[in-house]
Each structure stands twice: as structure tokens, then as C-alpha cells.
Amino acid sequence: MMELLSARLVPNEVSKWKALMQELLIELLSEEIPARLQRRAAEDFKNGMIAGFSEAGLTFDRAEVNYTPRRLVLVVHGLSEQSLSVTEERKGPHTDAPEQAIEGFLRAVGVDRDHLEVRETKKGTTLFAVVKRPGRPAQEIVAEVLENVIRKFPWPKSMLWGEGKLRWVRPLRRLLCILSENNLAQVVPFEIDGLVAGNMTEGHRFMAPEVFTVNCFMDYVQKLRQAKVEIRADVRSEKIWKHASELALNAGLVVLKDNFLLEEVTGLVEWPVVLMGDIAKEYLALPHEILQTSMKEHQKFFSVLNPTSKRIEKLIIVANRETADCGKTIRLGNQRVLSARLADAKFFWENDSKIAKQGMHTWLEMLKKVTFHNQLGSQYERVERLVSSAALFASVIPNCEVDRVIQSARVSKVDLNSDTVGEFPELQGIMGGYFATQAGYHLTVSDAAKNHYKPLGPSDEIPHQPISIAVALADKLDTLTGFWAIKKKPTGSKDPFALRRSALGVIRIILENELRIPLSFLVNFFFVQHYFRLMNDVKAGELEAINVALIEWHDLPLTIRKIKESEQAELAAALQKIKQVVLQNTENLLDFFYERLKVFLRTQNIRHDIIDACVSMSHADDLTLLVHRIRALSTLLQTDDGENLIQGFKRANNILTQAEACDGVPYSELPDVTLAEQTSEHLLFSSLERVAKEMDIALQNEDFTLAVQSIGALREPINAFFENVMVNVDQSAIRENRLRLLNRVRCICLKIADLTCVES
């Protein structure tokens, strides 16, 4: 088999390369690229070109990429004029190999038989080829790499354009590709599907569409700015926000910051012009969420708030051109379009408000016709499951009133049938809060309807009010257990039902509210509901009895036994029928939660092995308690005491494990202090006794910080023991006692976490 043994640069070529450096400028000019694709496309363009240069041996100092709606721009500074010459040495077949093998080797390396060398190796006489590959001109490499990048560009969606076979997100109109040195530019000879590279570009589509030549990157940037194009997205973004803030401040108002909208409008303009517009008075009374959503989603406007009245009163428009009338026509046109949309929103809002004030019963009944999932029933059935869990959450969440949870669960989904949410799906939940207030429900019920979808992302706020917490947890746990029950779990690349987001939401709600809830208990409860529904042979009243029993006993096997004892044989038999699948799915779903917990804690620089070590302990399904243990152990392991303790524990565990395997007996009995011979043994005995008492008290009080501090004190006595004491001595009684002492070390350390999982 052919083998590349070495590749070395030719020395004189290196010094020649250092003296010849130049700048490469590439612009791909097309029709408007969707704003959401621009940033990623720019990075893909840069990374693709850099990878191609590296593979071809073309070196450079640095590269930067910029983008506008119509342009992807790459500039490479300090590009060598040619790739480095390389001498490669390749090992071939043995000299007595078949002629076909030798001929294949010659074709692969591209040399004649006369250029092969014969060398003696440990495996016999072998053929070697020394191949000199001269450097290639930069122009040739740039053209080759650019064509490859353009043809294989990873657009999420692309289209055919022109008469060729090239696919691009929007039609390509112009290619600029020049190498420049000392302000002298040379066009890279390049053509792709009839589009020929040149040294020309054009300015703003409307304000300066004329074509002009450029000779370097600085010249390119300056001339484009004169032609009303700013290629730097960060500069456009900063300009938009600065001008918008100034306009609002001059009017005594404040622009509502929206980073996603700011990035989007930055990707819609090459020369941003910021204007302030008015909202017609008849729409100012609409909920500000309706105003803000309508302006953002439909028109890409920023909302401007009156800090005194707390109402949105004006809007910010970002135009793509300057006009002779200072934007008056643009402003009036946009205001007319917005008024038409807000007129619809006002009609929907007023109509929905009338229904809400009548109690929303119509919407609730309509939920029977709204499918949640074809295997999980309608939204109405989902609401019924949330209602039946009210007592469950009232039993585990402090200050959670059952009646209020029931009311909140009943109205949580009714806004899905409102016209307002039909027009603005982003407002589901938010509108439910408004409608619950209009229907006369308590403020806590309105708050729960509004916030039960939260958190919608890793940085979104979570609900804190007890009723809101209960409905939010119920909603997410019903979703997770439901899709688990019908085998619709997430895969490595797909999560169509956002189950990872739901699991992270449950984790954050529990942790950030410091809730002490056994997660397995909650999961069991919801799995029982789903599996009984899927069985379809248990009546609602019987399921309610099982729910009550589950809540009372907090344990599925115990619930079955208690139901049997109460002579409800049919219920016990039905529950026994699904017991195994419920317990298996609960265990599987808990593993999924732990994986999400790892992702969540990784952002806080907590190692995965520390999490694994703590998850293996009892009561790991109490996430608040679990994370307290994880953080305490993580803090300890960041100190010298902690790191050395782990080393000592692993040494003790390894010696003990090997001895138990060799002797075939466990050394689980307590060691005898009277058999201790050395000072280090006595020190370890006394330290273990003291630490064991301190740890037991700390763990009983759930004070993991104190517990890990106590165990950290074992570092020195364990180190001293291993430095001064031989474990495997000839006297069997002494050896056995010392192994029991190491077992005592192991048992005490394992009380805080399974330290065998912790990496050294």
C-alpha cells in the first residue's frame, strides 16, 4: 500500500514566498438574499475559501467577510503569490511485488520507473518515490477554489438561474475577483456558467446603480460608501439603533429593543435611513403586544413606547433609500399599510373581548375539534388531563390552591380558538391572560394563562407565581410523557415537537423556583393518564380514583398495593397491567432529563462527570437537591484538596477492588483500630470517625457544602497513609484490617457522590 512518509517545504521557496504578499478581494453580487440567511452564508463563504486555500498550500495572514442584502464580500490579506513547493516521499510495494502493483504505484504518484529508489527496510527491499510538487500561482488556486465553493455552497434552499446548471439562493448578477498589490489590481481569470469575473461592481440599486472599477479593498469600501452602500453589517446595525434612539429621545419616548428585529432589518438595507411614524389614535388602545407583533411581524417596524403612559404610541421605519422629501412618502405609505392591518386586529380584538366577557364557554367547547395530536387526542382532552393534575401540583407546590389551578388549566388553551390568536399565533397564552381577566377570573388565573408556555427558550423568563408554575409544569410534562408514550421521542437530528425545549423548561422552572418535587412521581402520574387513555378500557371515574391514590401515596408500586388492600381489584389489575411499561418509560424519560440537565449546567462550567457522579445517588429525581449536591462537589473539585482527594480515593478503590477480586471476598466489615501499627494509620482512623459524623449530620440537613468540606479534610490523612503504610503486607490480619480501612474510606467518600465516575 502506498504510504506518504514525509512532506517538506523547499527552503528557497519559503523565502521567496515571504517577500511576495498580496490582497485578494471577492464580491458575489446577486439579487436580494433573505436576511435570515446572510450571516451564516458569509461565514460559510469565508470558511469554504479558507479551507480550499489551506488544502492547496496557499497561505495568508488573515481573512474577513462582510455582507449586505445583495453582496457576499471576502477580503484576504497577505496572500502568497503562489503555493509552496513541496517534496513528498512515498513508500511503495516491495521490489518483488507483482508488476501490476508496481504499475499502479507509478500511476498514483505520477513518476516513471527510473525515478524510484530501492531501499532496505525491516520488511524487506522496498520501492520509494520522491515526488517534487512545484508551487502553483495564486490566481490558478483562487479560481479553482472559488468555483468549487460557489457550486457546492450550502444554501438551505437554492434555485437554478440563467441557462447553466448553477444553483444559488437568488440569481447571481456580477463577480468581482481581483488580486492587488500596491494599489495595482489584477483580475483573476475566472468564469462560471457564463458569468465572468472582473474588477467592476455597482452601487445602491436605486440611488447609485452605476458601474465602477476598484483596485483594492480600501478603494472598494470608499467607493461603495460614496455609492450609498455600507458593506459592514455591524456599522449598519449601529447606525439604525443610534438614529432610532435619537428620534425617540427627541420626542420623549423610548424604542423597545429587539435584537432579532434589529438583525433582520440590518439584512434588508444597504444604506439604512431611519424614520419615525405615527400610529392612528383609534388603535392606541389595543394591547401593546398586538401593536408590537403586528408592526414587527408584518412591517418590520420598531415599537416606540411612552414611558409615562406605558403605551406604544409611535413606530420606527428603516428604509433603504434617501428621498427628496426626507422620507415623507415612505412614512405615509407605511402608515397606511399598518392602519389596514391594525383595523383587522382591532376588529378581532373587540369581537374576542365580547366572547371572553361571556365566560369563554364557546371557545372551550370548540377545543374538542382542535387536534393536539392524532394519537393524543384533542386540545379539550389535553385540558382535561391538566385539570385532573391540579390536586397533584397542589400537593407538591407550596401555596398552590387546587381551585385556582383547576380554573387556570380550564382556560389555558381557550385562546387558541380566538380570532386574535388566529391572526397572531405568536400571542397564544398572552391573549389568554387578557381574556381570563375580561372573563372575571382572579389575577393568578390570568397570570397562569399568560405564562404557562414559558420558558420558550434558554434565556426566556420563567413563571414564579405558584398557580402559573403548576400549569406550566403540567403542560410540559403532559407533552413529554404523551409523546414518549406514543414513541415519538427526539432523535439526534430531529425534535419536531420541541421536547428538548420542554424538558429544559421543566428543569429551569424547578431549579429557579427551588421546588422540592420528586420528578419520577410527576412523570409516573402523567404516564398513567396517557396509558389508560391509550388502553381505552378504564372509565373516567376509575382513572380519577387512581389519580387520587397516586397523589396520596406518591409511588406507583405502593399505589397498586394500597388499591388491592382496599379491595378495588379491577383498578389494581388495570394499574398492574401498565405498571412495567410506565416504570420503564419513566426511567427512560428521567435519563432524558439528566441529559438536558448536563447541557444546562455545562453553560455554568460544570463538568459532565460530576453530574454523572451525583445522578447515581438516591433522590436524584429531586432536581433541586441534585443540583445543590452537584455544585458543592464541583466547588470542591476546583481546589487542591478536592483534586488530591479524588486521586487518593481512586487509589484506595483500585487497591481494594483488586484485592476483593483476587481474594474472592468483600472487605466490608469495620476495621479494628487496635491493629493499627503506624501513626498514619491512627490518623486516618480518627479522621474517618470525625468526618463520618460530620457528613451524616450535614447530609441529614441537606447541607452539601458542609458535607463536601468535611470530606475534603480527608485529603491529608489519606495521602499520609499511602506515603507511609504498605497495605499488602505478609501478615494476613494486618493486611485484612488495612483493606477494611480502605473500604471505610470508600464508603464515606461514596456518601457524597459516586466518585468512581469522576475523571482525574
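Numbering starts from 1 along each chain as its sequence is written. In this predicted model, local features need pLDDT of at least 70, side-chain atom pairs count only at pLDDT 80 or more, and totals for chains, interfaces and linings use all residues, while side-chain values use heavy atoms, with hydrogens and water left out.

**Exercise 1.** Work out the strand order of the open four-stranded sheet, and say which strands sit at its edges.

*Solution.* Start with the terms: strands are DSSP runs of E with at least two residues, numbered from the N terminus, and two of them pair if DSSP finds at least two bridges between them. Now read off the order, which is S16-S18-S19-S17, with antiparallel pairing. Strand S16 (254-255) and strand S17 (273-278) each pair on one side only, so they're the edges. Next, zoom in on S18 (residues 302-306) and S19 (residues 311-319), an antiparallel pair with five bridges. There, Phe302 has Ile316 of S19 as its bridge partner.

**Exercise 2.** Find out what lines the largest pocket.

*Solution.* A pocket is an open set of points on a 1 Å grid over the protein atoms alone, where a 1.4 Å probe fits, with protein on both sides within 12 Å along at least five of seven lines; lining residues have an atom within 4 Å of a point. Count the lining first: 34 residues, with Glu426, Gln428, Ile430, Leu456 and Asp460 nearest the centre. Then sort by class: 11 are nonpolar (Ala, Val, Leu, Ile, Met, Phe, Trp, Tyr, Cys and Pro), 15 charged (Asp, Glu, Lys and Arg) and eight polar (the others, Gly among them).
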